[in-house]
Amino acid sequence: MKTILRNATLAAAVLGGAGMASADSIPGMRGHDHTGITVPDMKQAVDFFTEVVGCKNAMSFGPFADDKGTFMQDLLGVDPKAVIEQVTMVRCGYGSNIELFKYTAPDQKDLTPKNSDIGGFHIALYVDDVAAAKAYLDGKGVKTRMGPLPVKEGPAAGQTILYFQAPWGLQLEAISYPDGMAYEKGAETVLWSPKNPEK
């Protein structure tokens with residue numbers, strides 16, 4: 001009788017799950033490798049990320065262009081006459097990498113999106129102490145916004161944040177949650193964090 005019940009339970013689980021949606025994944029996907037950002041001045045960007053933020057310059061390469069064909073459009077979705085003058089990869093602590101691009105293109109727009117714009121974005125960096133990060137950034141002449149702001153309610157309670165800006169307008173955030181965030185209690189999936197990169 002126990003075998004029949006076990007088999008019936010197993011069959012119900014398998015058949016019941018057959019109609020349920022399952023999360024698909026890119027085969028072999030392991031995680032976020034880098035974020036690419038187009039910058040107006042490569043030296044300024046590399047100096048900011050290495051001399052202010054504290055990232056390490058890992059490698060540079062380029063230029064890339066296709067004078068006669070559509071390689072740039074086919075590969076990257078940009079104007080066929082676009083030129084990547086230089087690419088520089090920087091590593092920032094225990095997080096993923098940042099890829100800096102210096103492009104020129106006939107149709108290039110010089111717009112810095114706000115966080116509220118479609119396509120807007122920011123880069124968040126985990127720090128041990130947001131107040132110390134603000135004092136440091138202020139001392140370097142970096143534009144900082146209101147904060148440090150401790151989040152005290154909701155699933156993100158436990159984090160403290162501060163937004164700041166690169167000289168060319170790129171939005172960044174200093175974030176810390178030394179004791180975790182409220183959502184973690186009983187969460188099936190916990191966000192990856194550079195404070196515990198092995199988890």
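## Reading a predicted fold, feature by feature

Mentor: A search of the whole structure finds one disulfide. The term means a pair of cysteine sulfur atoms within 2.5 Å. One caution: this is a predicted model, where local features need pLDDT of at least 70, side-chain atom pairs count only at pLDDT 80 or more, and totals for chains, interfaces and linings use all residues. Residues are numbered from 1 along each chain as its sequence is written, and side-chain values use heavy atoms, with hydrogens and water left out.

Trainee: Which residues form the disulfide?

Mentor: C55 and C92, with their sulfur atoms 2.1 Å apart. C55 sits in the loop between α2 and β2 (56-61), and C92 in the loop between β3 (83-91) and β4 (97-104), so the bond ties together parts that are 37 residues apart in sequence. The torsion about the S-S bond of C55 and C92 is about 100°, so this disulfide is right-handed.

Trainee: Are C55 and C92 buried or exposed?

Mentor: Start with the terms. Buried means under 20% relative accessible area, exposed means over 50%, and partly exposed is in between (1.4 Å probe, protein chains only). Both C55 and C92 are buried. Of the 199 residues of the protein, 27% count as buried.

Trainee: How many helices and strands does the protein have?

Mentor: Helices (H or I, at least four residues) and strands (E, at least two) are DSSP runs, numbered from the N terminus. Here there are four helices and nine strands. From the N terminus on, they run α-β-α-β-α-β-β-β-α-β-β-β-β.

Trainee: How do I read one face of a helix?

Mentor: An α-helix has 3.6 residues a turn, so residues three or four places apart point the same way. Now take helix α4 (residues 130-139), where V130, A133 and L137 are buried. Seen down the axis of α4, its buried residues fall within an arc of 55°, so they line one face of the helix. That arc is taken from the directions from the helix axis to the C-beta atoms. On the other side of α4, A135 and G139 are exposed.

Trainee: What do the buried residues of α4 pack against?

Mentor: They pack against α2 (42-53), β6 (143-144), β8 and β9 (171-176). A contact means heavy atoms within 4.5 Å.

Trainee: What is found at the start of α4, and what just after α4?

Mentor: At the start, a side-chain oxygen of D129 reaches to within 2.9 Å of the backbone nitrogen of A131. Just after α4, G141 takes a positive phi of about 80°.

Trainee: Where is Q165 found, and what does Q165 touch?

Mentor: Q165 is in strand β8 (residues 160-165). Q165 is buried, at a relative accessible area of 15%. Not counting residues up to four places away in sequence, Q165 touches F48, V142, K143, R145, L170, Q171 and L172. The side chains of Q165 and R145 are joined by a polar contact of 2.7 Å. A polar contact is a pair of N or O atoms within 3.5 Å; within protein, one must be able to donate a hydrogen and the other to accept it, and residues adjacent in sequence count only if both atoms are side-chain atoms.

Trainee: F48 is on that list. Which aromatic cluster includes F48?

Mentor: F48, F49 and W168 form one aromatic cluster. Rings of Phe, Tyr and Trp (its six-membered ring) pair if their centres lie within 6.5 Å; planes under 30 degrees apart count as stacked, over 60 as edge-to-face and the rest as tilted. By this rule the count comes to six aromatic pairs. F48 and F49 make an edge-to-face pair, 5.6 Å centre to centre with 80° between the planes. F48 is buried at 4% relative accessibility, and F49 is buried at 0%.
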